[in-house]
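Hi,

Here is the structure I promised to send over. My notes on it follow below.

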Amino acid sequence: MSRPSSLHLAVALDGSGWHPAAWREPQARPRELFTARYWADLISEAERGLLDFVTIEDALGLQPAGYSEPAGPTNQVRGRLDAVLIAARVAPLTRNIGLVPTVVVTHTEPFHISKAIATLDYVSTGRAGLRVQVTARQHEAAHFGRRTFPRFSVEDQANPAIQQLISELFDEAADYVEVVRRLWDSWEDDAEIRDVATGRFVDREKLHYIDFAGDYFSVRGPSITPRPPQGQPIVTALAHQSVPYRLVGRSADVGYVTPRDAGHARAIVAEIRGEQQAGGRAADTVHIFGDLVVFLDEDAGAAADRKARLDGLAGSVYTSDASVFTGTPSQLADLVQDWQASGLSGFRLRPGAISHDLLAITRGLVPQLQRRGAFRTAYEADTLRGLLGLARPASRYAIATS
Amino acid sequence: MSKPLKQIHLAAHFPGVNNTTVWSDPRSGSHIEFSAFAHLAQTAERAKFDFLFLAEGLRLREQNGQIYDLDVVGRPDTFTVLAALAAVTDRLGLAGTINSTFNEPYEVARQFASLDHLSGGRAAWNVVTSWDAFTGENFRRGGFLPQDARYGRARTFLQSTWELFDSWRGDEIIADKRTGEFLADGSAGRFAHRDAHFDISGSFNVPRSPQGRPVIFQAGDSDEGREFAASSADAIFSRHSTLDAGQAFYADVKGRLARHGRTRDQLLILPAATFVLGDTDDEARELGREVRLQQVSGQTAIKFLEQLWNRDLSGYDPDGPLPGIDPDPGENTIARGRASVRMYRDPLATAALWRAKAESEKLSIRELIVEVTGRQSFVGAPATVAETINSYVQADASDGFILVPHITPGGLDEFADTVVPLLQERGVFRTEYEGSTLREHLGIAPLQPGVSVPRAAAAPTVRAAS
């Protein structure tokens, strides 16, 4: 195995793409969004492009993902399949690419998700991760009926009460990640002994209660699923401000951030490194990926025109939390290398229209970066941790008892 | 004989975390690696089985205050394995036990609807509930309801998931690129469900799946459970694998269907069954005896006895006589995370029966446990087993069987290679899949678009997780 690529690339898959009119592109397959074949095709294409991993968006409510109850627009893709199950369905059909489904932590059980991602790691033989997401959306809470959130809009986010709520949701997410990680470690690697002489299948000294007790939940453990192939699958999170930067720095392996420019990227990286240090993780590798929505064509004008045409179909100019890039693969390669110099170690690219821009990434951007010696020309590892240059950690409980 | 031959339904149960599964055999492989699940599923599909079944566990079992280490321990996540198996099989149904106590309807409904989409209509759900705070210690909600309230929650849980499945009719997505209309109906997915346990409303975010909803399995044996199955379930996962008990159960449950406006072929009765094959009946019997001894070691025999006695019996010799002391009649606290302990409703009476049997047949503890627990359902040469299975089905003791191999993952191979062809020769088991969905394999009618909630208002009931 050669050295891990110094630049890491992921693609963020969501429906037909991130532009609300992407499903109307000539090559788009909107009637296949709920089939296994569609997702297998996309992820296989990402694997042909040697990408580190794909993320799969998810939510516990119907799109569009506003903060108020969906008004019921009929001109956008609505509905999704469970992202963990999409990843599992595609895992046996792929060999190298990492599979990182979104998991909403606010309304789900850390015990279930820990074993689901551990099992995704088994069915993919070491290529699993998850992207943790919180939700303060009132209408999604109503789908569960167990907690209520105030109704608010994006503009209200500076309101102290809303800030407090968001802060608590991220604290809960940090506890959630802690529980998920402890459960992954709760079986030492050699706990299964199958000792015929003594009749013991496991060495119970190597199974550990995690005994987590926090403000939001407590979990006893151990997991019912043995330690996954990677030991610790990859934990990722999207972050736009200080509260989630703290989650990335203290709990994640990969953070996705949304810089406006190289200088902004540098500032974000510094803030996350500070949290990493404060959290006692200075020695750990925490990758910081820049998120970009991309519209790519061999002619820069064509890319801009295509986006403008989609905007026309949608009836509004598409903007995003992440910077929106329109241009050529070569121009994107320039930007990637420029921002990489500011401390980002990778990028998560959100294809504006999957039917066009996924291929433009795998068959345009990737060869461009390869020609510059900036991206791998073959997979150098067969686990996601390996692709990201992360060693397989020992179980924390094995360390504690040795 | 004017009665036409019934077609047999067969399913494979992935070996469980109990002593039926023999892990000490050199042929025993991983029960966690995906290749083991793929092997069993592909064997079942090669043999044209109706479905593969995965059980679930949410807390490692304990006995005498320690994690129970004599049986296979640990298993992967049910949904995740079933979704992955959809990639390596084409037609095989994919059935899983999912608990209603430690989940929420919205999440479970979207997981099953997703699995049904991703498998092209092959998903099935065996609904169970857990009672114990012991399992609850792994979950946010803990063990917060009294036992009878958990049954009530389970009933309305199932009801609310059916409302979610029905919230999309199946014709809403038009995705007309020219007009820009993705949905024909902006209200698709709307739901509201309010009762003593749930107050949920909003929009379900998975469009209607190929089967409309997963095939529903019911595993309860109580009168209430039978009544629910007769009103609403598609199949019963029963324990009655002997001829007499099977016929009595079958007649009772099928007899209830007409009252719910259903025909006898709309509910399948599928007992779990174990088997041992040999070249001859004698050889199979000998093998069966060896397997029983592998399944019941001296240590395991003592543990079984403790589960009934509700006492620490570690000082007893498994090759000696039964204890002179009686079971502790109080709440069973010795074994936790195990549904079987609740089967001993009258421990003193059961202990008296066991003692009488051991004394009259001069059985040691281990020999007694071999006799009174987990005997194989079908033992014999392939022709004998094929004949027995067929005769049970034709005699209305069942509509088929859910076979539980005792070896992972190759324990079904011989059955697929030797027994299935004999059933096919008799014309009682398919030689090719005729349909693509599990409902089609089971011969149950497709649901009408937008309707999966039964008209009958019978309250569903579910049994405890095992």
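Let's start with contacts in chain A: of those with a separation of 6 or more, 77% are between residues 24 or more positions apart (a contact means C-beta atoms, placed from the backbone, within 7 Å). Bear in mind that this is a predicted model, where local features need pLDDT of at least 70, side-chain atom pairs count only at pLDDT 80 or more, and totals for chains, interfaces and linings use all residues. Residues are numbered from 1 along each chain as its sequence is written, while chains are lettered from A and ligands numbered from 1 in the order in which they are written.

Chain A has 12 helices and 13 strands (DSSP runs numbered from the N terminus: H or I of at least four residues, E of at least two). Its radius of gyration is 21 Å, close to the 21 Å from the globule rule for 402 residues, so chain A is as compact as a globular protein of that length (taken over C-alpha atoms; the rule is 2.2 Å times the number of residues to the power 0.38).

On burial, 55% of the 402 residues of chain A count as buried (20 or more other C-beta atoms within 10 Å of a residue's own, with C-beta atoms placed from the backbone). Helix 2 (residues 83-90) of chain A is mostly covered, with eight of its eight residues buried. Which elements cover them? Among them are helix 1 (36-48) and helix 3 (110-123) of chain A, plus helix 2 (78-88) and helix 3 (105-118) of chain B.

Cheers

Technical notes:
A residue is buried if 20 or more other C-beta atoms lie within 10 Å of its own, exposed if 12 or fewer, and partly exposed in between; C-beta atoms are placed from the backbone. Two residues are in contact if their C-beta atoms, placed from the backbone, lie within 7 Å.
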